[in-house]
Amino acid sequence: PVMMGWETPLMRAHAEELLPAPGLRVLNVGFGLGIIDSFLQERKPALHVIVEAHPDVLAEMERRGWMAHPRVVVLRGRWQDVDLSEYQFDGIFFDTYEETYADLRQWHQQVPSLMAPRGTYSFFNGIAPYNIFFHAVYCRIAQLDLGEAGLSTRFLKVPVNELGIPWGEATKYWTFKTYYLPVCRKAEIQEGSIEVVVSVTDSV
């Protein structure tokens with residue numbers, strides 16, 4: 001599946017970090033089921049840009065009225081192919097389907113140019129969901145790669161069992177007790193420690 005319903009509370013947490021106030025500009029790359037986009041709309045952005053390439057997802061977006069939604073701009077195509085150069089965003093989220101870490105790293109090189117000076121970037125942190133050691137390694141690699149791009153990254157510890165996620169369903173795809181939510185800002189803006197806080201004992 002492009003996105004799964006058990007992720008809903010995690011998407012809400014991402015949306016709260018990305019849009020702390022109404023009237024901001026937000027970009028989401030990868031619509032999926034539209035879970036995070038619905039939460040972003042609840043936060044009343046001034047501009048909401050969505051990049052989506054899958055024809056079936058685009059057809060569902062059309063059916064649900066996203067194309068006609070005021071203040072929503074839908075760009076049809078892969079993020080590698082659409083032109084985002086005219087925009088500056090206060091919040092950016094990335095969650096695409098069937099792409100590798102190499103693709104994510106390539107995207108991260110573009111993010112700073114799309115961010116407003118005090119903007120926030122985040123992505124669905126689902127890499128290596130069955131092995132906490134490799135998950136921690138990827139978190140650190142992402143942090144270093146984002147640092148090279150000029151972004152400082154911290155990971156918020158989100159206890160999965162406190163979000164009301166059906167644990168039996170979640171553990172088919174996610175085996176850790178904690179979700180490490182990345183919050184990235186331009187290096188001179190980020191507050192707090194940038195140390196990775198993933199614990200290698202944090203598994204079911």
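Before the first stop, a word we'll need: a pocket is an open set of grid points where a 1.4 Å probe fits, with protein on both sides within 12 Å along at least five of seven lines. Keep in mind, too, that you're looking at a predicted model.

**Stop 1**

Select Glu52, Ala53, His54, Thr96 and Tyr97. Of the 20 residues lining the second largest pocket, these are the closest to its centre. The volume of this pocket is about 340 Å³. What classes of residue make up the lining? It has 9 nonpolar, 6 polar and 5 charged residues.

**Stop 2: α1 and α2**

Now colour residues 8-18, which form helix α1, and residues 35-42, which form helix α2. Their axes lie 9 Å apart, and the two helices pack at an angle of about 40°. That angle makes α1 oblique to α2. As for handedness, this crossing is right-handed.

Show the side chains next. From α1, pick Thr8, Met11, Arg12, His14, Ala15 and Leu18; they meet Ile35, Ile36, Phe39, Leu40 and Glu42 of α2. Sorted by class, that contact has 7 nonpolar, 2 polar and 2 charged residues.

**Stop 3: α4 and α5**

Move along to helix α4 at residues 101-114 and helix α5 at residues 132-148. How do their axes cross? They come within 9 Å and cross at roughly 30°. Angles under 35 degrees count as roughly parallel, so α4 is roughly parallel to α5. Here α4 passes α5 in a right-handed crossing.

To see who touches whom, select Tyr101, Arg105, His108 and Gln109 in α4, then Tyr138, Ile141, Ala142, Asp145, Leu146 and Glu148 in α5. By class, this contact has 5 nonpolar, 2 polar and 3 charged residues.

How values were computed:
Residues numbered from 1 in each chain as written. Predicted model: local features only at pLDDT ≥ 70, side-chain atom pairs only at ≥ 80, totals over all residues. Heavy atoms only, no water. Axes fitted to C-alpha atoms, helices over the stretch in contact; angles between N-to-C directions. Helix = DSSP H or I, 4+ residues; strand = E, 2+ residues; numbered from the N terminus. Parallel < 35°, antiparallel > 145°, perpendicular 65-115°, else oblique. Left-handed = near helix turned anticlockwise from the far one by under 90°. Contact = heavy atoms within 4.5 Å. Nonpolar A, V, L, I, M, F, W, Y, C, P; charged D, E, K, R; others polar. 1 Å grid on protein atoms, 1.4 Å probe; cavity = no way out; pocket = protein on both sides within 12 Å on 5 of 7 lines; lining within 4 Å. Points joined across faces, edges and corners; volume = space filled by probe spheres on them.
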